[in-house]
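Hi there,

Here is the model I said I would pass on, with my notes below it. Have a look at the structure, then read on.

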Amino acid sequence: EGGRRYTPKIDSDTSVTGWKIAAFAAAQHGGIVLPKKSLDQVSRFLDSVANADKSRYSYLPSMDQHTPVMTAEALMSRVHLKWSNRQALLKGADYLLSAQNQPSNADRNVYFWFHTTSLMRSIGDKHWDRWNLLLRDLLLKSQEADWSWPPDEDEWGPHAGRLFQTSL
């Protein structure tokens, strides 16, 4: 499928594929040349989880539910792959900044915040300014005295723990 999942050569999901693409980007930054075929395959996988205009993304190709977190990770993956569809990128970023997706401690999801922050920082200008304004004080207020973040307040924290929360 061009993507990856937890068990190799079975199927693919957007989450694991996003980390694979981030590793690709780091390798390229370090001077490693990746085969065009591999990059084309991973782009096709992203197409398989995208909506019609490629501004929103789902977890699996078979799912029709396009979520904010998968959208953020997939769009950041597109940035790593030097995607030229700026219109879809900005439309997806606008969706991530919409009222229903704004960060709050009542609905903590640092996995979403991490990927959205990476995306907005890469886009820059008004997208970064708006996202940074929404998130920075919230993060600072929830940081504990030992400079970590509490896992019990986050959607993924009970599964992944304090180190996961703090790393992201």
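**A residue to begin with: Q165**

Q165 is buried, with a relative accessible area of 2% (buried means under 20%, exposed over 50%, partly exposed in between, with a 1.4 Å probe and protein chains only). Before going further, a word on the source: this is a predicted model, in which local features need pLDDT of at least 70 and side-chain atom pairs count only at pLDDT 80 or more, while totals for chains, interfaces and linings use all residues. Residues are numbered from 1 along each chain as its sequence is written, and side-chain values use heavy atoms, with hydrogens and water left out.

Q165 belongs to helix α7 (helices are DSSP runs of H or I with at least four residues, strands are E runs of at least two, and both are numbered from the N terminus). Its side chain makes a polar contact with the side chain of D154, at 3.4 Å (a pair of N or O atoms within 3.5 Å, one able to donate a hydrogen and the other to accept it; residues adjacent in sequence count only if both atoms are side-chain atoms). Beyond its neighbours within four places in sequence, Q165 is in contact with residues including V110, W149 and W156 (contact means heavy atoms within 4.5 Å).

**The pockets**

Helix α5 gives the most to its lining, with five residues.

The largest pocket comes to about 540 Å³. Its lining has 27 residues, and V69, N109, F112, E155 and W156 lie nearest the centre. Helices α1, α3, α5 and α7 each supply at least two of the lining residues.

**Helix α1**

What covers the buried residues of α1? The cover includes α2, β1, α3 and α5. Those buried residues include V16, I21 and F24. At the start of α1, a side-chain oxygen of D13 comes to within 2.9 Å of the backbone nitrogen of S15. Just after the helix, G31 has a positive phi of about 95°.

Best wishes

Technical notes:
1 Å grid on protein atoms, 1.4 Å probe; cavity = no way out; pocket = protein on both sides within 12 Å on 5 of 7 lines; lining within 4 Å. Points joined across faces, edges and corners; volume = space filled by probe spheres on them.
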